[in-house]
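Please open the model in a viewer and follow the stops below in order. Each stop names what to select and then describes what is found there.

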Amino acid sequence: MGLDLLGGLAPREFLARHWQKRPLVVRGAVPGFRGAATPRELFAIAGRDDAESRLVSRSRGRWHLRHGPFAARTLAAMPRRGWTLLVQGVNEFLPAADALMRRFAFVPYARLDDVMASYAVPGGGVGPHFDSYDVFLLQGLGRRRWRIGAQRDRTLDPRAPLRVLARFRPEAEWILEPGDMLYLPPRYAHEGVALDECTTWSIGFRAPSATEYARGFLGFLADRLDLAGRYADPDLAPQHHPAEIGSAMVERVAAMLAGVRWRRADIEAFLGEFLSEPKPRVVFDPPRSPLGPARFAAAVRRRGVRLDLRTIMLFRGAHVYVNGERAPMPRGTRHALVALADRRALAPAEVDTPLLPLLHVWYRAGYLHPGPPA
Ligand code: SIN
Ligand code: CO
């Protein structure tokens, strides 16, 4: 990785000094960057019903929010000032946005969320707010003025249809030009206002709350639960109120529930499945007339293989996790599977025979494709 991205800081230094701690502005983080797509390409994605897009505008002092998909003519009819279009998950559609996101691989993929692109006309923005996650805001086309502040007051404006701070007290200000980047730790107040027609590319991370993790894990356990025994009360005695839930019953059920146990391996399996689960909007497209195992093997031996842009692949120990599904690594495949998960593609020479059955299953699900990286 070039040192440009973090302004001359080595990733280790960046993580120690800034990550989750303090903002950083990097001039020329991605020299020559003008966005991973043109505004027109972004509008086309905002018109898709498998993309998540929002239109935010401000008129006569009030905020307005609309959810996509947006027809091209809707966007063409918008005024010349004061609005912005936000498109979530553009890395699922644009190889260049995925490649951009992978430049931040000094943070584990398990922490990555997605790339959100915004297009704004002069004066456009989403207002002063804070996010719960770390974010790198990379300027594509045009200029944007950022103001940020470390304020503790996070009261939101109750009248706004989006999360806008009721009181914003900025402490620093920068005008970012194409290729410049601002890193913000979670919960840092910020506001970006477009000075020109501009695009901003936000590389965002995920940090589920303790409740989200616990809810996910309890669901995971529930799917696998198989406790021995059934409620029994051979010592039942008459009770004064038949409607009362008796103490003996409470004790017995408490003893049964104490049988719910989990091990470290369950937490690992849960994490792999939970963190590799695609977003609800994601739908894979399996090949319409899939190659059989022999022709698939010939194709990947000739052209290599690459993960679909929507695929999330992680590993831990002897298991791989692909799009919420767990698979044990077949004997002799660890090296190649780790390479595929890290680099998201394998060259023809890396496709070993023991790997082929698993790759073929994933190919038929639409999770990967024969061929070099797009
Ligand atoms: C934007 O790109 O306009 C919004 C990004 C953010 O403030 O999180
Ligand atoms: Co933000």
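A residue counts as buried when its relative accessible area is under 20%. With that cut-off in mind, select arginine 310 and aspartate 308 in this predicted model: both residues are buried. They form a salt bridge, and their closest N and O atoms are 2.9 Å apart.

**Further salt bridges**

The count of salt bridges comes to 19. Select Glu52, Glu92, Asp114 and Arg281 next; salt bridges with shared partners join these residues into one network. Then move to aspartate 50 and arginine 48, whose closest N and O atoms lie 2.8 Å apart in a salt bridge. Aspartate 50 is partly exposed at 24% relative accessible area, and arginine 48 is partly exposed at 38%.

Continue to aspartate 153 and arginine 167, where a salt bridge of 2.8 Å, N to O, joins the side chains. Both residues lie in the loop between β7 (144-149) and β8 (172-176), so the pair ties together parts that are 14 residues apart in sequence. Aspartate 153 counts as buried at 18% relative accessibility, whereas arginine 167 counts as partly exposed at 42%.

**Aromatic rings**

The structure holds 22 aromatic pairs. Select phenylalanine 14 and tyrosine 183: the ring centres are 5.1 Å apart and the planes stand at 85°, so this pair is edge-to-face. Because phenylalanine 14 belongs to helix α1 (residues 11-17) and tyrosine 183 to strand β9 (residues 181-184), the pair ties together parts 169 residues apart in sequence. Phenylalanine 14 and tyrosine 183 are buried.

Phenylalanine 136 lies in strand β6 (residues 135-139), 47 residues from tyrosine 183, and is buried, as is tyrosine 183. To see the aromatic cluster, select Phe14, Trp19, Phe104, Phe106, Phe136, Tyr183 and Phe205.

Which residue's charged end sits over the ring of phenylalanine 130, 4.7 Å from its centre? Select arginine 163 to find it. Arginine 154 also lies over the face of phenylalanine 130, at 5.7 Å from the ring centre.

**Surface and domains**

Show the surface of Ile245, Met249, Val250, Val253, Met256 and Leu257, which make a nonpolar patch of about 530 Å². Valine 253 is found in helix α6 (residues 247-257) and is partly exposed, with a relative accessible area of 32%.

Finally, colour the chain by its domain assignment: domain 1 (3-205), domain 2 (210-232 + 245-262) and domain 3 (293-370). The C-alpha centres of domain 2 and domain 3 are 37 Å apart.

How values were computed
Residues are numbered from 1 along each chain as its sequence is written. Chains are lettered from A and ligands numbered from 1 in the order in which they are written. This is a predicted model: local features need pLDDT of at least 70, side-chain atom pairs count only at pLDDT 80 or more; totals for chains, interfaces and linings use all residues. Side-chain values use heavy atoms; hydrogens and water are left out. Rings of Phe, Tyr and Trp (its six-membered ring) pair if their centres lie within 6.5 Å; planes under 30 degrees apart count as stacked, over 60 as edge-to-face and the rest as tilted. Helices (H or I, at least four residues) and strands (E, at least two) are DSSP runs, numbered from the N terminus. Buried means under 20% relative accessible area, exposed over 50%, partly exposed in between (1.4 Å probe, protein chains only). A charge sits over a ring if NZ of Lys or CZ of Arg is within 6 Å of the ring centre and within 35 degrees of the ring normal. Patches are made of residues with over 30% relative accessible area and no salt bridge: like charges are joined within 9 Å, nonpolar side chains (Val, Leu, Ile, Met, Phe, Trp, Tyr) within 5 Å. Accessible areas come from the Shrake-Rupley method with a 1.4 Å probe; for residues, only the protein chains shown count as cover. A salt bridge is a side-chain nitrogen of Lys or Arg within 4 Å of a carboxyl oxygen of Asp or Glu. Domain bounds come from an automatic or database domain assignment.
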